[in-house]
Amino acid sequence: MKRNALIAALALTLPFALAQAQTTTSNMPQQKGDGPDAMFVQKAGEGGMAEVELSKVAENKAQSPEVKKFAMQMVHDHTANNKELATIAAKENIQVPKSLDSEHAALRDKLKTLKGADFDREYVDAMRSDHKKMVELLKSSESTVTTEDLRTFIKKTEPVVEQHLSMAQNLKEG
């Protein structure tokens with residue numbers, strides 16, 4: 001008997017709850033969450049944020065002056081790049097990542113425990129790997145993103161990331 005009463009109560013309130021949910025969400029701007037633009041913003045945002053976070057650690061912990069200088073440039077360049085991406089994403093109503101993905105958070109935590117040449121080697125290896133991945137992301141996304149602003153962003157960013165990759169490949173780790 002109690003079960004039937006509960007089902008009846010739910011049946012009566014469900015249409016009202018759904019109508020309220022539709023009214024509430026129809027007043028909010030919809031995020032483009034699943035398309036190629038959102039996927040690009042997510043991956044590029046994660047990568048850019050990782051470059052800044054890892055490089056901030058390197059600014060303080062790197063042994064090699066070359067590695068420190070490289071880290072400073074990564075913080076500068078990727079901070080500016082991340083701001084530009086965030087501006088485009090906001091215009092397109094796409095969320096940018098707010099924190100590091102688990103892989104980069106674990107790497108940042110690992111880097112914090114290393115010193116000297118071990119730190120430099122691990123950081124430079126990460127920069128080489130991450131910049132290779134970012135070049136691939138930029139190249140593959142250029143033809144899949146749907147907004148002109150993101151295509152322009154990619155065309156502008158790709159040569160810079162390629163230059164960063166070249167710099168990372170030429171670095172001596174300690």
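Element names first: helices (H or I, at least four residues) and strands (E, at least two) are DSSP runs, numbered from the N terminus. This is a predicted model, so I keep local features to pLDDT of at least 70 and side-chain atom pairs to pLDDT 80 or more, while totals for chains, interfaces and linings use all residues. Residues are numbered from 1 along each chain as its sequence is written, and side-chain values use heavy atoms, with hydrogens and water left out.

**Helix α3**

I checked the length of α3 (residues 65-91): its 27 residues should span 39 Å, and the end C-alpha atoms are 39 Å apart, which agrees. The expected span is 1.5 Å times one less than the number of residues.

At the N-terminal end I found a cap: a side-chain oxygen of Ser64 lies 3.1 Å from the backbone nitrogen of Glu66.

Next I looked up burial (buried is under 20% relative accessible area, exposed over 50%, partly exposed in between, with a 1.4 Å probe and protein chains only). The buried residues of α3 include Phe70, Met74, His78, Asn81 and Leu85. Their cover includes α2 (36-61), α5 (116-141) and α6 (148-170).

**Asn93**

Where does Asn93 sit? I find Asn93 in the loop between α3 and α4 (102-113). Asn93 is not a glycine, yet it has a positive phi of about 60 degrees. Asn93 counts as partly exposed because its relative accessibility is 28%.

**Cavity**

I ran a 1 Å grid over the protein atoms alone: a cavity is a set of points where a 1.4 Å probe fits but cannot get out, a pocket is an open set with protein on both sides within 12 Å along at least five of seven lines, and lining residues have an atom within 4 Å of a point. Volume is the space filled by probe spheres set on the points, which are joined across faces, edges and corners.

I get 1 cavity of 30 Å³ or more. The largest cavity has a volume of about 70 Å³. Its lining includes His78, Asn81 and Leu85, and α3 gives the largest share, 4 residues. The lining splits into 6 nonpolar, 5 polar and no charged residues. My classes: Ala, Val, Leu, Ile, Met, Phe, Trp, Tyr, Cys and Pro are nonpolar, Asp, Glu, Lys and Arg charged, and the others, Gly among them, polar.

**Pocket**

The largest pocket holds about 240 Å³. Its lining has 8 charged residues, with 2 nonpolar and 2 polar. α5 supplies the largest share, 5 residues.

Note on methods: Contact = heavy atoms within 4.5 Å. Polar contact = N/O pair within 3.5 Å; in protein donor to acceptor, adjacent residues only side chain to side chain.
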